[in-house]
Amino acid sequence: MKNALITGVTGQDGAYLAEFLLKKGYNVTGTTRKHSVNKLSKLAYLKILDRVNILECDLLSIEKIVDILNDNKITEIYNLSSQSSVGLSYKNPVATLQFNTISVLNLLEAIRIVNLEIKLYQASSSEMYGLFDKLPITESTPLNPISPYGVSKASAHWLVSCYRESYDMFVCSGILFNHESFLRANGFFIKKIIKGAIAMRYKNQQFLKVGNIDVKRDFGFAPDYVEAMYLMMQHNKPGDYIISSGVSISLREIIMYVFKKFNLGKDRLLIDEDLYRPSEIMNIYGSSAKANEIINWSYDKDFFNVLDVILAEELEIFFREQG
């Protein structure tokens, strides 16, 4: 029996990964920074809450991590916990850098102390690449982060590489580009647009306020992306892999698509320059050729079809709550 530890299990990726690993026959332990009923809603939505062992854990405490690894005989760690908002990282750069790097260092050190056979998956990010003219991004593209969040993720990424080379540990990084689902937190762009459109169509909200919507991003579907995490950990050698759709879409295109679904005019959209970031990546998309070749992961979903799935789920819940 494999025993997996998922940090950040209450988030979008954590919940879908827990569901996936349970289907594979794993015992799943998940950590959260603070235990609350609201935080467990995603696991409850997937109907797996009673099958996941939930523990409170401050990843800035290496002693607590060591205890969890020992007590639960953990064989695989999936580190999905982080301060994951690029925008918030500008407001709280110190806390972002501290948590996103020290937590990873503590996990690596805990493995070194407890058992070098424990495998680790680290959630890296496309934000590590920053401004780069040559697209698509590949695993050999130099890191050039331009946000505090990107810097923190790059630092953690290098730590993983350092420990892999220094201690011959099975530690790998999944460099996931944007991936969405119904379980995405409401503060992220896709959910903000969909919930805003619903509020304008069925409630009294008049406008949707957004920042720079002429940027382009590579979007995928979260349940498919967590499978790639699992496949990386089952390969005979650890490595780093880009997980992406391979195309980019402008945020403006996404908004207009959603607005059309709700018969909303573009005059209901307000551009607020106060929401612009200090620096911005205008266009980015990745190549998952390495993942396709080595771990046999592929992706072919059209993101507008993914939007339809999320929209349908959001509307079902909305009308159910309205009675």
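Colleague: Which residues have the most contacts inside the largest nonpolar core?
Modeller: The largest nonpolar core of this predicted model has 70 residues. A second, separate core of 22 residues includes Leu 69, Val 104, Leu 107 and Leu 108. Inside the largest core, the residues with the most contacts are Ile 6, Leu 21, Tyr 78, Tyr 121 and Ile 243.

Colleague: Leaving aside neighbours within four places in sequence, which Met residues is Tyr 121 in contact with?
Modeller: With those neighbours left aside, the contacts of Tyr 121 include Ile 77, Tyr 78, Asn 79 and Leu 80, and also Cys 172, Ser 173, Gly 174 and Leu 176.

Colleague: Why is the pair of Tyr 26 and Tyr 230 edge-to-face?
Modeller: This is one of the 14 aromatic pairs that the structure holds. Tyr 26 lies in the loop between α1 and β2, whereas Tyr 230 lies in helix α8, so the pair ties together parts that are 204 residues apart in sequence. Both Tyr 26 and Tyr 230 are buried. Their ring centres are 6.3 Å apart, and since planes over 60 degrees apart count as edge-to-face, the pair is edge-to-face because its planes stand at 75 degrees.

Colleague: Is Tyr 45 buried or partly exposed, given that its ring pairs with that of Phe 182?
Modeller: The two ring centres are 4.9 Å apart and the planes lie at 35 degrees, so the pair is tilted. Tyr 45 belongs to helix α2 and Phe 182 to the loop between β7 and α7, so the pair ties together parts that are 137 residues apart in sequence. Phe 182 is buried, with a relative accessible area of 12%. Tyr 45, with a relative accessible area of 30%, is partly exposed.

Colleague: Which residue has its charged end over the ring of Phe 182?
Modeller: Elsewhere in the model, the charged end of Lys 290 sits over the ring of Tyr 241, 4.8 Å from its centre. Over the ring of Phe 182, 5.1 Å from its centre, sits the charged end of Lys 191.

How values were computed:
Residues are numbered from 1 along each chain as its sequence is written. This is a predicted model: local features need pLDDT of at least 70, side-chain atom pairs count only at pLDDT 80 or more; totals for chains, interfaces and linings use all residues. Side-chain values use heavy atoms; hydrogens and water are left out. A nonpolar core is a set of buried Ala, Val, Leu, Ile, Met, Phe, Trp, Tyr and Cys residues joined through side-chain atoms within 4.5 Å. Buried means under 20% relative accessible area, exposed over 50%, partly exposed in between (1.4 Å probe, protein chains only). Contact means heavy atoms within 4.5 Å. Rings of Phe, Tyr and Trp (its six-membered ring) pair if their centres lie within 6.5 Å; planes under 30 degrees apart count as stacked, over 60 as edge-to-face and the rest as tilted. Helices (H or I, at least four residues) and strands (E, at least two) are DSSP runs, numbered from the N terminus. A charge sits over a ring if NZ of Lys or CZ of Arg is within 6 Å of the ring centre and within 35 degrees of the ring normal.
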